[in-house]
Amino acid sequence: MDSLDALIGVETPLEVVSAALRTFAEGVGAAAVGAYQVCCSDESECICSGVLDREFVFPLLPDLKPGCCGAFHTVTLGARYEWGAVRVAEEHFATPEVRDGFKFLLVKINAHAAVERAAEGWRYGWLQRYGNESACCGALAGLFEGSLLPAIVELRELFASGGLDRLSLLADPRWVEPRYRALLAAVVSTHLQGMRVVRDIQEFVPASPTVFLVVPCVTINRPGADAEIVVGQYGIDRTGAKAEVRYAGLGNDPTAYRVRHDGDRVIITDERWAKR
Ligand SMILES: [Zn+2]
């Protein structure tokens, strides 16, 4: 997992992240590889999904039909994980090759936020789309606009989990600069979705021994080539009787994040993570 640690919190080209995930998967000695991606319904996320296909899925996954392979997908408003989906994905990739070893299953979750240059510097949450200024991610923007769509109600409950009112903290300029609100809401959201996937993995028995890598990310939809931030990485070893979980990455308390820029790239640190 060390090779991926350098990417945590640092905006990185999509191709570089997916290639790093491929290098990691190639190094674990698995008999087979599977992939499951969770991303937002927003059409701007097709680019991120396509890069994962090109750099990870096509080189590593088994053929579904001759010359054709694909990741398991959940595509929902706000990149919400659908409980139980990782169990179905795991069963699909429990191929005969795993009989004498283990398989590696990547679970990549992408929340997203657009970025544009404004008078005050980089501003997140708005995209010039087909000639209009468009909220991006629109689902996460709905959290702050009182939307009562079922998807947004579900997200709102998740943001309040564990007794921490993350939405109020994100909306409070004493904690979060308004121009960074959409970016940090996406970080919180993908982290919380990642935790749900990990809980799900811990609560079922895989069809064959599996090492899971759960990677919550945030796509940065830029005016030019998109990029992404790896928020963290969970390694979950389900090759033995008991699930072993390791995590490295940012947390989900908005008061702990610090945001800076290195040229065009955003870098997010977490005060508590840095002190560990
Ligand atoms: Zn979205």
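Close-up 1. C137 counts as buried, at 5% relative accessibility. Buried means under 20% relative accessible area, exposed over 50% and partly exposed in between, with a 1.4 Å probe and protein chains only. The model is predicted: local features need pLDDT of at least 70, side-chain atom pairs count only at pLDDT 80 or more, and totals for chains, interfaces and linings use all residues. Residues are numbered from 1 along each chain as its sequence is written, and side-chain values use heavy atoms, with hydrogens and water left out.

**Close-up 2. The zinc ion and its protein donors.** C40 (SG), H112 (NE2) and C137 (SG) are the protein donors, lying 2.1 to 2.3 Å from the zinc ion. Donors are N, O and S atoms within 2.8 Å of the metal (3.2 Å for Na, K and Ca); water is not among the atoms, so sites may look incomplete. The spacing of the donor residues in sequence is C-x71-H-x24-C. H112 lies in strand β4 (residues 103–118) and C137 in the loop between β7 (132–135) and α5 (138–144), so this pair ties together parts 25 residues apart in sequence. Helices (H or I, at least four residues) and strands (E, at least two) are DSSP runs, numbered from the N terminus. H112 is buried, with a relative accessible area of 1%.

Close-up 3. N221 is found in strand β8. At 2% relative accessibility, N221 is buried. The side chains of N221 and H112 are joined by a polar contact of 2.8 Å. A polar contact is a pair of N or O atoms within 3.5 Å; within protein, one must be able to donate a hydrogen and the other to accept it, and residues adjacent in sequence count only if both atoms are side-chain atoms. Leaving out residues up to four places away in sequence, N221 touches S44, E45, H112, A113, A114, V115, C136 and D226. Contact means heavy atoms within 4.5 Å.

Close-up 4. In α4 (residues 85–92), the buried residues are A85, V86, A89 and E90. They cover an arc of only 135° around the axis, which puts them on the same side of α4. The arc is that of the directions from the helix axis to the C-beta atoms. E91 and H92 are exposed on the other side of α4. The buried residues of α4 pack against β2 (32–40), β3 (72–76), β4, α8 (181–202) and β8 (210–221).

Close-up 5. A85 is buried, with a relative accessible area of 8%. Neighbours within four places in sequence aside, A85 is in contact with Y36, F72, T74 and D200. The C-alpha atoms of A85 and V38 are separated by 9.8 Å.
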